[in-house]
Amino acid sequence: MIGFEVYFQKNYSFCIPDKDTIDMIKNHSNNILEIGAGTGLWAKILQSNNVDIIATDSLDTVYTNYYEKFWLPVEKLDCVDAVKKYRDVEALMLVWPQPNNITSFVKAIKEFKGNKVIVVTEGKELYFPDPEQSWKMSWDLVESKPLSSFPSKKSHLFLLERKI
């Protein structure tokens, strides 16, 4: 028997943004490229709240077989390729970077030319295993907030802006 948490993740997301989270994201940027979109639920919710968002994911076989439902079309693109293709977006949104994809996320942040980054991840600290954490040197933390999620997944939202 499949547990509710796994069922929820396969059909929805690891967590769902509440109204305050949606408003925070909208106030941060209204033109977003999401990489790691999974089922596309965050993009669907943000679109329904008048945010211009492009949903992409590498959609590796593991995850394609994992998800049971997609909320909107998610373009199959590697993180870095997505950033290169959609250079004109104001913000880059990274949602729940998978352990096998962290290096790609760090490369995407470094490649990104826009001024804002939105990260949804597990834990209270913004950390990607980049030995020098050099990507962080270009960004200031503007705001962060814990998100409602399953007890096994302590989700957090981080809003960053490029240092001037």
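Student: Which exposed residues does α2 carry on the face turned away from its buried side?

Tutor: They are Lys-19, Asp-20 and Asn-27. Exposed means over 50% relative accessible area, buried under 20%, and partly exposed in between (1.4 Å probe, protein chains only). Before going on: this is a predicted model, where local features need pLDDT of at least 70, side-chain atom pairs count only at pLDDT 80 or more, and totals for chains, interfaces and linings use all residues. Residues are numbered from 1 along each chain as its sequence is written, and side-chain values use heavy atoms, with hydrogens and water left out.

Student: And which residues of α2 are buried?

Tutor: Thr-21, Ile-22, Met-24, Ile-25 and His-28. Here's the general idea: an α-helix has 3.6 residues a turn, so residues three or four places apart point the same way. In α2 the buried residues fall within an arc of 160° seen down the axis, so they line one face of the helix. That arc is taken from the directions from the helix axis to the C-beta atoms.

Student: What do the buried residues of α2 pack against?

Tutor: Their partners are β1 (31-35), α3, β4, β5, β6 (139-146) and β7. Packing here rests on contact, meaning heavy atoms within 4.5 Å.

Student: How many helices and strands are there in the chain?

Tutor: The protein chain has 6 helices and 7 strands. These are DSSP runs numbered from the N terminus: helices are H or I with at least four residues, strands E with at least two. Along the sequence they read α-α-β-α-β-α-β-α-β-α-β-β-β.

Student: What is Met-93 in contact with, neighbours within four places in sequence aside?

Tutor: Its contacts include Ile-25, Ile-32, Trp-42, Ile-53 and Ile-118.

Student: How many salt bridges are there?

Tutor: The count is 6, taking a salt bridge as a side-chain nitrogen of Lys or Arg within 4 Å of a carboxyl oxygen of Asp or Glu. One joins Lys-19 and Asp-23 (3.1 Å, N to O). Both lie in helix α2, 4 residues apart, about one turn of the helix. Lys-19 is exposed at 52% relative accessible area, while Asp-23 is partly exposed at 25%.

Student: Which bridge links Lys-145 to a distant part of the chain?

Tutor: Asp-18, in the loop between α1 (4-11) and α2, pairs with Lys-145 in strand β6, 127 residues away. Their N and O atoms are 3.5 Å apart. Lys-145 counts as buried at 14% relative accessibility, whereas Asp-18, at 31%, is partly exposed.

Student: Where is confidence lowest, and where highest?

Tutor: pLDDT is the predictor's confidence in each residue, from 0 to 100. Helix α4 (residues 61-66) has the lowest mean, 55, and β1 the highest, 96. The chain's mean is 82, with 74% of its residues at 70 or more.
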